[in-house]
Amino acid sequence: MDALITGKVTDDKGDALAGVNVVLKGTQRGSVTNKDGNFEIMVPNAQAVLVFSFVGYGMQEVTVGDRSSLNITLLADTKALDEVVVVGYGTQKKANLTGSVATVVMEDVQTRQVTNSTSALQGKVPGLRITQGTGMPGRESVSVQLRGASSWGTNTTPLVLVDGVVGSLDGLPMTDIESISVLKDAASASIYGARAANGVILVTTKQGKSGKPRVSYNMSVRSQSPTGVPNQIWNSAQYMDLFNRAVARNAVSAVPFPQTLIDKYKAPNRDLNLFPDYDWTKAVWRNAAMQDHNLGISGGSENVRYNMSAGILKQDGVLIGHDYKRFNGLANVSATVNKYITVGTNMTFLNGKSHSPYYENQNFVLMTMTQAPLVKPYLPDGSGRYTDKAMPTGVGGTQNNRNPFWIANETFRDYEDWQANLQGYADINFLHGKDMRLKLSTKLATRFTEQFQRIYHYGADAFYYLPDKEYQTGGTDVHSKGTPFGPEALGVFNNNYRTILNTFYSSLNWDWSKGKHDVTALLGYSQEDQKYRTLTGSRNVFPVKQMYELNGMGSLNQVVGGSLTEWAFQSIFGRATYAFSSKYLFEGNFRYDGTSRIFKDNRWGFFPSASAAWRISEEAFIKDGLPAISNLKLRASYGLLGNANIGDYPYQETYVTTSYAFNNALVQGAYQTALRNRNIEWEKTAITNLGLDFNFKNDIFFGTVEWYNKYTTGILAGAIIPASTGMSAPTVNFGEFKNYGVEIELGHSNRIGGVQYGVNAQASINRNKVMKFPAPVYGERIIEEGRPYNDYYLYEYTGIFKSQEELKAVVTPGNPQLGDIKFKDQNGDGVIDGKDRIPVKGAYPAFIYSFGGNVAWKNFDLSLFFQGVEGQKVKTIFFGEDPFSQGSSPHPKFLNAYDPVTNPDSDIPAIYGWGYAPMTGGTAQGSTYFLKDASYLRLKNIYLGYTIPTVLSKRVGINRLKVFVAGDNLLTFTKYPDLDPERASDGWHAQYPQLKVLSMGLNVGF
């Protein structure tokens, strides 16, 4: 017969703990302590075991015995030092780490409502800079860089391993991830050798655990809106007035709008359908829905364990014509064959489908921005025909770009992605004694990725929005044809890209412990081979308009293509560690890599590292004299990493086919397109790292401080050769590059009464310097020894010309007039030329940072997370920046533009249009006038959750039920004047917007 057990749970200070979970071990029966720390629960017998758990405190198991009342004291969780961290080809206790390894707190990132899991790491790891280029569904263009770029000639993205095999975080849901570790220095990453120069991100998916089946369901519904929309003039009369002023000052080469037409658009009682003030952003930019569902089941016996899940994501774009759907699956199974052998499989699957117009992303945005407010998308007669512009340019105005509604409705790019990762592994424990263990681990894996692109582009007629009678004497009510929406590439295109990566590795792990000595050793072998195949085809003869398949098209002018590339790696790797008295820690790693990308004479590279740490807090003088210090550890490391991500055939002569005339006939031939170099070697990066870890009073105050220096030699890049060679340059080892910086992470957590809270902050500073370069490069960016790589090199904007004396004082390219921008004559020679450019800071941020906090009270939990970038600048031009670029409406600031008569005190340049040399020529476009401060601080995430009391949820068969609301990117503090400061790079003003996301969701456990 069940017996009632009552009791109270307190902390080590005697304060009651509310919200502690009390569970009968091996069952789903449980209870929760009330505000006074009291609980009651029914147990079947005296052998029953109760499990007490609470966030921030160590879990405790208690056998009931013959007691009817229990008083339980939970101690603050000190597991951080005993926490097992995933490292290369194994795990280590966090306390024993000698290298720079950062672990991601999964509870923090899982509050982020993002579609790309890489984005969730933003601001969570010191030194890891993540930038989301766009908010485009399914193709967010997320870039990742760890401690700066280590090279300018090769790929600089960190290596990502999922369950030990090369993979990606992009399509892996956060709900499937158990842990993420980031290896930042050579000591931690050199075991991956030639692949690790840019750091390593280790991702481990969730595995099954013994016990009854546990079913989980996580869902959220989200509302998305753009973080910014184009700020343009959408008043037709103002648009035409400004255009005519630009024409009058010869800053636009066009016919001005007739005043009679301007008056029609100004008339207060006009037909607003015929003479609109149309805001294209409100028509094209919108709020959009998104939903995410994930269902999982896990459990197993002592011998067989499983974890399986399936997820569906559906996302509409905040721009019309864009959407994305994704299905994810995961199945991890492990089986203990006997006490010596464990086998298992890890499988993940993804199918993603993105839909967008032919002109997508920023191209679609610019076509919205290049419309005039004089017209709507469709003709005012209700016929549904697409609008070109208001009237012919011979009557007035300028050419606008293609109608975005035509692009969204009549063209498309459909991308379908398939990914399958299949792994099989076996662990053989030859020896598992008290003092010594010996294990062989082997894994065989295949990663399959394929993308199928189906692209449709069909031309269409376009018509002038106004009937002829509105701008022609004697005109009729007919809408004449305008400029057809002719595509850049007409037709149907099918492109297929397939990658198969095979991986095999095996390692022998040995560890021995005796007294104060702990020794481990690892020796392994790895090999990888990859095949990448492409197959493309297109036809452009349409028998009917809505023909989307190649077989339905005419064969005239058809194009086919295909290719196959391959590469392979072979490696031997190893690691040895020694710890004395858990105080003095030493570690050595190596990897010996060979690659098909380098000629056999230099194919193999050796990449070693060494590190040591001193756990000062384990010394008697700290334990006895300063017991408040829970952990104090000093670390140092040095090692060598490699990089050979330079294409698949950099040393081999490659040929392309061609046709040429011979003996009055076309003959098939082949020719070489690039010079090759068989003497290339591994690019090498040496990293020195110093670190200090500290923790006072079990997380009352804790943190890490790191200093690093990365020095890359033998940079692999194209040689500088004359164009007269007729071929592209060979790859050579030339160049040296240094990155150095400091990372700081601080935190505090505590409990006051029934409130558990924590705060944290981190900041990273990275600097780089070119140490050796073949020859200086001077453009809008400068590459010169002793300076940061690719720093800005611009003319210094100093204001606008407001007097004839200023115009005559210096010779400026473009023949400027009053109201145009002026530049500083740096050398005082009276001429603005290339000698007046100066290096300008801002190509790299001064520092990146983040901070946040969380608080839990009873069943509520709240978290805030801010992320920022300081000192970053970007240079944007053209659409939306320069007035009337392809007809784009100007920024409202130009309503206050300089005019020598009516507005002589304004500092806004006089109105102009694209093509006007003083404002859009090379000197102006290469000046600091177009350089903007892209620093920002953003509320990346706010999250509020409430866990329904177990006594209530269990009534409907639910073990755990949590409801939450969350917001991402809700607030941004910035001086950046354009759409969004977080963007991939310089370039056009137009960009697909970042997303504000409001979410509601459930986490359910059965």
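**Ground rules.** I worked with a predicted model, in which local features need pLDDT of at least 70 and side-chain atom pairs count only at pLDDT 80 or more, while totals for chains, interfaces and linings use all residues. Residues are numbered from 1 along each chain as its sequence is written, and side-chain values use heavy atoms, with hydrogens and water left out.

**Whole chain.** I looked up the secondary structure and found 13 helices and 51 strands in the chain, taking helices (H or I, at least four residues) and strands (E, at least two) as DSSP runs numbered from the N terminus. The radius of gyration is 33 Å, close to the 30 Å that the globule rule gives for 1006 residues, so the chain is as compact as a globular protein of that length; the radius is taken over C-alpha atoms, and the rule is 2.2 Å times the number of residues to the power 0.38. Along the principal axes, the C-alpha atoms fill a box of roughly 105 × 70 × 65 Å.

**Sheet 3-2-5-6.** I then followed an open sheet of four strands, ordered 3-2-5-6 with antiparallel pairing, where two strands pair if DSSP finds at least two bridges between them. Strand 3 (30-32) and strand 6 (57-63) stand at the edges with a single partner strand each, so one side of each has no neighbour in the sheet. Neighbouring strands are turned by 15° against each other on average, direction ignored; axes are lines fitted to C-alpha atoms, for helices over the stretch in contact, and angles run from 0 to 180 degrees between N-to-C directions. Strand 2 (residues 21-24) pairs with strand 3 in the antiparallel sense over three bridges, and valine 22 stands opposite serine 31 in strand 3.

**Sheet 4-1-7.** Here I found an open sheet of three strands in the order 4-1-7, with mixed pairing. Its edges are strand 4 (38-43) and strand 7 (69-74), each with a single partner strand, so one side of each is left without a neighbour in the sheet. Strand 1 (residues 3-11) pairs with strand 7 in the parallel sense over six bridges, and lysine 8 has asparagine 71 of strand 7 as its bridge partner.

**Helices 4 and 5.** Last, I checked helix 4 (residues 236-248) against helix 5 (residues 259-266), which pack at an angle of about 155° with their axes 8 Å apart. That makes the two helices roughly antiparallel (over 145 degrees; under 35 is roughly parallel, 65 to 115 roughly perpendicular and the rest oblique).
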